[in-house]
Structure formats: structure tokens, C-alpha cells
Amino acid sequence: SNHYCDEENDHHEKKKYFSSVLRLSSSGVRMWTHYDIMDNVLFQLKGSKNAVLWHPNQYKNLYMKGSSSQVVDIDNPNQKQFPKFSKAFPNAMLCNLEPGDALYIPALWLHNVQTESASISVNVFWKDLQDNFYAPGDPYGNHDLPIAHALLRDISSFCAELHSLP
């Protein structure tokens, strides 16, 4: 019976797997600040990277538009254009990744990664919801859930109708 349980658990784990992304980058390459809707682990295989993570409660301070921040240069942000950004940085978690390191990035946590030296890494993403909740054709797991898009569209429509009332 243990063999059956292991097969069942193995099948369940395979259903949760979403994708693996091989990342090859030269020194100085920066991945913009964004969030993924799936938990993932970043495995550093060669070279080094610096990662900055923020709790989702920093969403407004990071000037998010969809899943990506409008603040392109987090080291030298335009303070006039993004005055709230300075409130986000004290809440950031900084991580240096060297070969053999793994960084768990929870779903919806905002993160920005910069390569310090020529680098090879792998991201592995997995699902917590049933397949039909996720956007089809989203290999990186960073598209908002279709149901959330529909809800926001309906709320916007509802608000527009309210504003048109006398």
C-alpha cells in the first residue's frame, strides 16, 4: 500500500509543476521588478546574482502596473516621479546568490534580480490552484489570474455606471 501512496503523491506533485526556465545572462543584466502568481525557486548554478524582494504590501510604493513596476532603475529612482518608492526600500530583503544557492520566491512577492557576473540559473514554478484558474500560454507564471481580470473589468464597468447616475 505504501507503493500506491507514493505513486499517488508523485502524480499529485507532477500536476502541481508548471514550468522551468533556464536563465543565461551576462554581468549587469537586471530583471525588472515584478511578481509571479506562482511560487517558484531560483536555483543559481554559475556566477552570482543579487535579488531584492518585497512583501506584496509594498505594491503601491513600487508603482506597479499589472505585474511589473514602473520604476525601472531601483538603484537610482526618479524621486519626483516615484516619491513613494523610498518607503519601499527599507522594507526590502536583499539576497546574494552564489553557485549552489536556492531562493524561494513566494507567489505575489515583488522581486528584482541583477546579475553580478556571467550567470546560469533555473527558475522552477509550481501551481497551487487547479489548472483552469491560470492564464493559458503563460510560461513564466506572471499573468494575473483570468478570474481577477474579469472581476476588475466588472468593477470598473460598475463604477462607470455609478458615476453616470444623476
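Read along the sequence, the protein chain of this predicted model follows the pattern α-β-β-β-β-β-β-α-β-β-β-β-α. It contains three helices and 10 strands, where helices (H or I, at least four residues) and strands (E, at least two) are DSSP runs numbered from the N terminus. Residues are numbered from 1 along each chain as its sequence is written, and side-chain values use heavy atoms, with hydrogens and water left out. Because the model is predicted, local features need pLDDT of at least 70 and side-chain atom pairs count only at pLDDT 80 or more, whereas totals for chains, interfaces and linings use all residues.

Of the 166 residues in the protein chain, 35% are buried; buried means under 20% relative accessible area, exposed over 50%, and partly exposed in between (1.4 Å probe, protein chains only). The protein chain exposes about 10500 Å², of which carbon and sulfur atoms supply 59%. These accessible areas come from the Shrake-Rupley method with a 1.4 Å probe, and for residues only the protein chains shown count as cover. Contact is defined as heavy atoms within 4.5 Å. Among contacts in the protein chain between residues at least 6 apart in sequence, 84% join residues at least 24 apart.

Four strands form an open sheet in the order β1-β10-β3-β8, with antiparallel pairing. Strands β1 and β8 are the edge strands, each pairing on one side only. On average, neighbouring strands of this sheet are turned by 20° against each other, direction ignored; axes are lines fitted to C-alpha atoms, for helices over the stretch in contact, and angles run from 0 to 180 degrees between N-to-C directions. Two strands are taken to pair if DSSP finds at least two bridges between them. Strand β3 (residues 39-46) and strand β10 (residues 119-126) run antiparallel and are joined by seven bridges. Val 41 stands opposite Val 124 in β10.

Ser 25 belongs to strand β1 (residues 17-25). With a relative accessibility of 16%, Ser 25 counts as buried. Its side chain and that of Thr 115 are joined by a polar contact of 2.9 Å. A polar contact is a pair of N or O atoms within 3.5 Å; within protein, one must be able to donate a hydrogen and the other to accept it, and residues adjacent in sequence count only if both atoms are side-chain atoms. Not counting residues up to four places away in sequence, Ser 25 touches Lys 49, Thr 115, Ser 117, Ala 118 and Ser 119.

In soluble globular proteins, nonpolar side chains tend to be buried together. A nonpolar core is here a set of buried Ala, Val, Leu, Ile, Met, Phe, Trp, Tyr and Cys residues joined through side-chain atoms within 4.5 Å. The largest such core has 17 residues, and those with the most contacts inside it are Trp 54, Leu 62, Val 71, Ile 74, Phe 85 and Leu 110. Strand β4 and helix α2 (85-88) each supply at least two residues of this core. Apart from it lies another core, of eight residues, among them Leu 42, Leu 97, Leu 103 and Ile 105. Leaving aside neighbours within four places in sequence, the residues in contact with Leu 110 include Thr 33, Val 52, Trp 54, Tyr 59, Leu 62 and Met 64.

Thr 33 is located in strand β2 (residues 30-34) and is buried, with a relative accessible area of 1%. The side chains of Thr 33 and Asn 112 make a polar contact (2.9 Å). Beyond four places in sequence, Thr 33 touches residues including Trp 54, Leu 62, Ile 74, Leu 110 and Asn 112.

Asn 61 lies in the loop between β4 and β5 and counts as buried at 14% relative accessibility. Its contacts, leaving aside neighbours within four places in sequence, are with Lys 84, Phe 85, Lys 87 and Ala 88. The C-alpha atoms of Asn 61 and Pro 83 are separated by 8.3 Å, although these residues are 22 residues apart along the chain.

Tyr 63 lies in the loop between β4 (49-54) and β5 (64-65). Although not a glycine, Tyr 63 has a positive phi of about 55°, and this residue is buried, with a relative accessible area of 15%. Leu 108, in the loop between β8 (102-105) and β9 (110-115), has a positive phi of about 75° although it is not a glycine. At 43% relative accessibility, Leu 108 counts as partly exposed.
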